[in-house]
Amino acid sequence: MHPAFRSHSPRAHRGLRSRRCSRAASSKDGKRESEAKDTTVKAQDNAVQKKAAKSSLEFINNHQRSWFAEMYTDMIRMDGISAAAYVAAILGLNAVFFTILYWLHASGFELNSRENSTPGIVDLFFYSLANTSTLGESDVHCVTRFALLLANFQAITVQMVLVFVTGVFFTRLTQVKPDIRASKYIIFSRFQGRPCLMARYVFNNPKEILVDVRMNLTYKRHVKIEGGQKFFKYDNLTLMRDEAVRQRVAQSLIHFIDDDSPLKGMNIEDLKNSGAAFDISVFASEAYSMQGVFYVRTYEAKKDEILYNVEYRDMIYTTANGRRVVDHANLDVVEELKSKLP
């Protein structure tokens with residue numbers, strides 16, 4: 001058959017129809033896969049939004065280490081009472097666990113007070129407790145090798161726990177935490193006649209001395225970029241004094257609001273609308289141990305911790321006999337600013 005007439009044959013028409021049908025079927029399958037993928041992505045996005053809406057900060061879909069790997073650092077982070085309760089719980093579980101093992105092999109133990117007598121579960125618990133506390137005094141003793149193996153294994157686990165607890169204890173003991181208290185409010189005020197943002201903090205302990213001190217004041221808020229996307233922007237504000245060789249009593253952090261300041265023209269409503277907050281941070285070395293210490297305090301506009309057109313009341317004054325006094329009761333006291341800010 002001539003090639004010009006080959007496409008008009010019935011066989012050619014059937015082949016053409018089958019190819020068209022297969023193309024249509026594959027197109028529909030591709031469309032279904034695309035729709036299914038979009039639906040899955042939307043469902044995942046909704047799930048993420050629901051999880052994130054539960055709190056102001058929540059990590060989701062993150063790769064976190066196991067509780068066992070984090071146990072040491074968690075015990076250093078937590079308060080002293082919680083850490084002590086954690087240790088007591090570990091030792092208590094050790095005593096109960098080995099009591100059960102001893103009870104399952106009770107025939108391997110005897111009472112010292114009565115020959116050929118199998119101890120009960122209460123006697124075995126006190127035996128396990130004596131091993132856990134390393135006291136070793138009990139009315140029970142081992143009579144089989146397997147029982148002796150269990151008792152020695154418990155002694156090894158107790159030693160491991162004690163090494164772990166000793167590490168936590170000395171790490172916490174050698175940590176130096178500065179006894180610093182910052183004012184409840186950060187204020188827009190005036191200093192030497194110039195508009196400024198001001199914060200202050202004091203040392204509660206007069207014996208506390210910090211050296212090589214570095215201070216920072218950070219301004220953070222939500223900003224919009226092209227396309228309507230939001231992100232959290234940080235600005236390190238320039239301070240009148242951001243370093244000190246030595247600090248002991250109190251310190252004020254002052255940022256002058258000039259033409260170069262990101263706070264130029266801002267008011268409280270602007271700060272609240274942008275979800276603004278300020279962080280003051282102090283990094284230094286403790287004068288005697290020379291260990292690094294760090295302090296941070298956050299002020300949020302939505303919590304009314306940022307005040308406008310006020311000034312701090314003086315904390316330091318001199319008595320009639322020439323003695324300088326630092327009155328911590330005035331730390332959070334503010335007064336109306338006489339020369340109002342624009």
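Mentor: Before we start, helices (H or I, at least four residues) and strands (E, at least two) are DSSP runs numbered from the N terminus. This is a predicted model, where local features need pLDDT of at least 70 and side-chain atom pairs pLDDT 80 or more, while totals for chains, interfaces and linings use all residues. Residues are numbered from 1 along each chain as its sequence is written, and side-chain values use heavy atoms, without hydrogens or water.

Trainee: Okay, how many helices and strands does the protein chain have?

Mentor: Let's start with the chain itself, which has 342 residues, 30% of them buried (under 20% relative accessible area; exposed is over 50%, partly exposed in between, 1.4 Å probe, protein chains only). Take contacts (heavy atoms within 4.5 Å) between residues at least 6 apart in sequence: 65% of them join residues at least 24 apart. As for the elements, the protein chain holds six helices and 16 strands.

Trainee: Which helix gives the most to the nonpolar patch?

Mentor: The patch covers about 860 Å² and is made by Val96, Ile100, Trp103, Leu104, Ile121, Val122, Phe125, Phe126 and Leu129. Patch residues have over 30% relative accessible area and no salt bridge, with nonpolar side chains joined within 5 Å (like charges within 9 Å). Helix H3 (80-104) and helix H4 (121-132) each give two or more residues. With five residues, the top giver is H4.

Trainee: Is Leu104 buried or exposed?

Mentor: Leu104 lies in helix H3 and is part of that nonpolar patch. Its relative accessible area is 63%, so Leu104 counts as exposed.

Trainee: At what angle do H2 and H5 pack?

Mentor: Two packed helices are described by the angle between their axes and the distance between the axes. Here Met71, Tyr72, Met75 and Ile76 in H2 meet Phe164, Gly167, Val168, Thr171 and Arg172 in H5. The axes (lines fitted to C-alpha atoms over the stretch in contact, with angles from 0 to 180 degrees between N-to-C directions) are 9 Å apart for H2 (residues 67-77) and H5 (residues 145-174), and the angle is about 35°.

Trainee: How far apart are the closest N and O atoms of Asp235 and Arg221?

Mentor: A salt bridge is a side-chain nitrogen of Lys or Arg within 4 Å of a carboxyl oxygen of Asp or Glu, and by that rule the count comes to 10. Asp235 and Arg221 make one, and both are buried. Asp235 sits in strand E7 (residues 230-236) and Arg221 in strand E6 (residues 210-224), 14 residues apart in the chain. Their closest N and O atoms are separated by 2.5 Å.

Trainee: And which residue forms a salt bridge with Arg214?

Mentor: Arg214 is partly exposed, because its relative accessibility is 37%. The closest N and O atoms are 3.0 Å apart, and the partner of Arg214 is Asp212.

Trainee: What about Asp259, buried or exposed?

Mentor: Asp259 pairs with Lys264 in a salt bridge, the closest N and O atoms being 3.7 Å apart. Lys264 is partly exposed, since its relative accessible area is 48%. Asp259 has 67% relative accessibility, so this residue is exposed.

Trainee: Last one: how far apart in space are Phe278 and Tyr219, C-alpha to C-alpha?

Mentor: Phe278 lies in strand E10 (residues 277-286). This residue is buried, because its relative accessible area is 0%. In sequence, Phe278 and Tyr219 are 59 residues apart, but in space their C-alpha separation is 4.8 Å.

Terms used
Areas by Shrake-Rupley, 256 points an atom, 1.4 Å probe, with all protein chains shown as cover.
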